[in-house]
Amino acid sequence: MLRQNESRAFVGKFLNDPRVPYRHKRREMMAIAGIIPIAKWLAQIKQRSDVWCRLCKRAQEQRVASNENLPKETYGHINSAFCDGMATTVTAAHHFIWRHLYASMQTAQTPASKLRFVTPDKESSMSTLWQEEEFKQICNRESLTEKAADIEKTISVKEHERERYDFDLIMFDENRFWNRRPDGIVINKNRRTLYILEFKRPSDRNKDFLRVKEDEANEQHTSIIEALKAAAPKWTFEQINFVAGRRGAVVEDDFYTKLDKLNVQAGNKDEILLAHVQCICKAHDTVMRSYYQQIHGSSGADATTSMENIGEQVYV
Ligand SMILES: [Zn+2]
């Protein structure tokens with residue numbers, strides 16, 4: 001939060017907004033300071049003897065699985081879909097922020113813009129998109145399948161894909177391609193341009209978080225971009241990644257460049273970034289409250305400014 005060009009003034013507006021309950025601000029500030037009382041931090045201050053994730057442990061016990069290979073309960077872990085207890089909330093936080101940003105960019109198009117924002121929908125896999133005439137006109141399904149197969153077979157099978165791969169060796173590559181789901185697609189038919197959009201909500205602790213996540217997102221969709229380029233050489237395909245740090249850091253010049261590319265009116269850009277940062281902070285608070293609720297059975301009343309002892313001599 002000390003770094004320039006990372007929306008700190010916008011996070012500051014959230015923290016100074018009298019309409020935002022004090023407890024929300026306090027949770028945001030604790031996250032910025034790195035003192036959210038997760039097990040790892042409690043162990044550091046000698047209030048806990050172990051660092052293993054209590055939510056994953058509980059989920060394993062409910063499945064009557066043995067408590068082996070438990071992940072550490074870190075701030076990063078409870079903010080990720082890898083935590084059994086937090087996955088649903090964290091995924092919902094991703095969708096909440098992204099849908100808001102996507103709708104804001106769509107609403108603020110310049111009058112001359114010919115971009116069409118295809119509605120983000122969890123059912124919008126490559127397969128469902130290519131059932132629509134608009135996409136089939138770019139290239140037909142058969143030629144895309146053929147080009148995709150060449151690329152997919154060069155991509156290694158990830159650990160979470162292993163079961164499906166073993167089950168369906170022959171069709172795995174093709175099915176993996178058609179099941180890919182970008183977070184958004186924007187088309188300009190006149191210019192024969194298609195943008196694949198991806199949204200990430202990573203940790204913003206390290207200053208290279210944007211570049212690291214961009215690389216990861218580009219790798220994730222490389223087969224879509226490369227297969228499309230091979231199947232429809234007259235079109236231009238490009239990926240645009242939006243990266244929002246969990247605690248509200250957004251690299252400002254990068255964000256504004258991307259809004260420009262997507263024909264967002266210049267006068268709306270600050271307003272969109274402000275609303276975006278507010279959404280990130282709100283989503284972060286929902287995630288934190290879900291965590292406290294599950295660990296301590298309480299996230300505290302939002303209407304009061306008094307702190308609540310959640311046990312272990314920690315107040316939120
Ligand atoms: Zn966990």
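The legends below describe close-up views of a predicted model.

**View 1. Strand E2 pairs with strand E1 and with strand E3.**

**View 2. The hairpin of E2 and E3.** In this hairpin 4 residues lie between the strands, and Arg192 takes a positive phi near 50 degrees.

**View 3. The largest nonpolar core and the surroundings of Val277.** The largest nonpolar core is made up of 61 residues, and those with the most contacts inside it are Ile97 and Val277. Helix H15, which spans residues 269–296, gives the most to this core, contributing 11 residues. When its neighbours within four places in sequence are left aside, Val277 is in contact with Ser7, Phe10, Val11 and Phe14, and also with Gly248 and Val250.

**View 4. The packing of helix H9 against helix H13.** Helix H9, residues 141–152, and helix H13, residues 222–231, pack at an angle of about 130 degrees, and their axes are 8 Å apart. Because angles over 145 degrees would count as roughly antiparallel and those from 65 to 115 as roughly perpendicular, H9 and H13 are therefore oblique to each other, and their crossing is right-handed. On the H9 side, the residues that meet H13 are Ser143, Leu144, Lys147, Ala148, Ile151 and Glu152, while H13 supplies Ser223, Glu226, Ala227, Ala230 and Ala231.

Terms used. Residues are numbered from 1 along each chain as its sequence is written. This is a predicted model: local features need pLDDT of at least 70, side-chain atom pairs count only at pLDDT 80 or more; totals for chains, interfaces and linings use all residues. Two strands pair if DSSP finds at least two bridges between them. Helices (H or I, at least four residues) and strands (E, at least two) are DSSP runs, numbered from the N terminus. A nonpolar core is a set of buried Ala, Val, Leu, Ile, Met, Phe, Trp, Tyr and Cys residues joined through C-beta atoms within 7 Å. A residue is buried if 20 or more other C-beta atoms lie within 10 Å of its own, exposed if 12 or fewer, and partly exposed in between; C-beta atoms are placed from the backbone. Two residues are in contact if their C-beta atoms, placed from the backbone, lie within 7 Å. Axes are lines fitted to C-alpha atoms, for helices over the stretch in contact, and angles run from 0 to 180 degrees between N-to-C directions. Angles under 35 degrees count as roughly parallel, over 145 as roughly antiparallel, 65 to 115 as roughly perpendicular and the rest as oblique. A crossing is left-handed if the near helix is turned anticlockwise from the far one by less than a right angle, and right-handed if clockwise.
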